[in-house]
Amino acid sequence: MADHTNDNVATTAREAATAATAATADPTHARIPDTPAGGKVILLNGTSSSGKSSIAQALLDMLDGTWFHMPVDAFHAMRCKGPIADEDLQAEIDRTCKGFHRAVAGMAAGGNNLIVDYPLSRRWRLLDLLDVLVPEDTILIAVRCPLPELERRERERGDRQLGLAAMQYDQVHSHELHDLDVDSGLLSPEECARRIREFVPGRLRPTAFERLRQTLRNPT
Ligand SMILES: Nc1ncnc2c1ncn2[C@@H]1O[C@H](COP(=O)(O)OP(=O)(O)OP(=O)(O)O)[C@@H](O)[C@H]1O
């Protein structure tokens with residue numbers, strides 16, 4: 001195992017020096033930290049089993065700077081474990097998703113860069129995100145994969161309801177416009193991530209979110 005003792009000492013000394021400077025400048029820690037620019041949001045949109053989480057993990061390893069992976073599944077996992085009646089389930093999911101949209105917007109507003117792993121499998125999800133995210137900072141990626149391969153993955157992984165990908169298939173990309181498409185049926189997660197990494201710095205304006213907001217939220 002690597003010896004990180006020297007690294008730890010250096011980090012501790014640096015933290016102590018930073019804390020000392022901050023204490024002089026702001027002795028009561030009352031100043032809200034400056035985060036002038038909003039964070040970027042890479043929104044990976046594809047059906048269940050399309051490879052969103054795998055691409056997000058690969059991106060975390062290859063993007064410069066600090067990025068967070070925010071999957072909606074992490075929010076579903078925070079819910080208490082009590083039973084939910086069948087007739088209440090959709091409302092529960094919708095409420096969680098609505099909160100998730102605002103959590104993503106809040107993290108980005110704090111200046112954090114995010115990789116959001118989320119299927120736009122209901123029309124309202126896109127419409128609501130168009131309202132709450134900063135469109136010029138949002139990079140919408142279509143994660144595509146042929147249905148037979150999605151169904152194969154679904155059977156193989158065994159932790160998703162069979163037929164879920166098919167149910168979402170026609171809806172997720174139905175608004176058509178994305179900033180970039182990647183095909184996880186042809187490319188590995190790492191190859192998809194590399195395409196995204198290469199695309200992000202030179203992406204064009206208006207972004208897909210800017211154009212979608214104009215056409216779907218502010219039609220003239
Ligand atoms: N490019 C790929 N090629 C082959 N298999 C892949 C690829 N990407 C992901 N997989 C496999 O497909 C399965 C689903 O991947 P992953 O969890 O990344 O998808 P997801 O879109 O995040 O799914 P969900 O929305 O259901 O959480 C995993 O078993 C994964 O190993």
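User: What should I know about the source first?

Analyst: This is a predicted model, in which local features need pLDDT of at least 70 and side-chain atom pairs count only at pLDDT 80 or more, while totals for chains, interfaces and linings use all residues. Residues are numbered from 1 along each chain as its sequence is written, and side-chain values use heavy atoms, with hydrogens and water left out.

User: What is the strand order in the open sheet?

Analyst: The order is β2-β3-β1-β4-β5, with parallel pairing. Strands (E, at least two residues) and helices (H or I, at least four) are DSSP runs numbered from the N terminus, and two strands pair if DSSP finds at least two bridges between them.

User: Which are the edge strands?

Analyst: They are β2 (67-71) and β5, each of which pairs on one side only. Neighbouring strands of this sheet are turned by 20 degrees against each other on average, direction ignored. Axes are lines fitted to C-alpha atoms, for helices over the stretch in contact (heavy atoms within 4.5 Å), and angles run from 0 to 180 degrees between N-to-C directions.

User: How many bridges join β4 to β5?

Analyst: There are 4, between β5 and strand β4 (residues 138-144), and the two run parallel. Arg144 stands opposite Asp183 in β5. On the other pairing, 5 bridges join β4 to strand β1 (residues 41-45), also parallel, and Ile42 stands opposite Ile139 in β4.

User: Where does helix α8 lie?

Analyst: Helix α8 (residues 189-199) lies across β1, β4 and β5, and runs at about 165 degrees to β5.

User: Now the spaces. Which residues line the largest cavity?

Analyst: Val41, Leu43, Phe100, Val104, Val116, Leu129 and Leu133 line it. β1 and α4 are the elements that give two or more residues to this lining. A cavity is a set of points on a 1 Å grid over the protein atoms alone where a 1.4 Å probe fits but cannot get out; a pocket is an open set with protein on both sides within 12 Å along at least five of seven lines, and lining residues have an atom within 4 Å of a point.

User: And which residues lie nearest the centre of the largest pocket?

Analyst: Ser48, Asp73, Arg160, Leu164 and Gln168 do, out of 37 lining residues. Among the helices that each supply at least two residues of that lining are α2 (52-62) and α4 (86-109).
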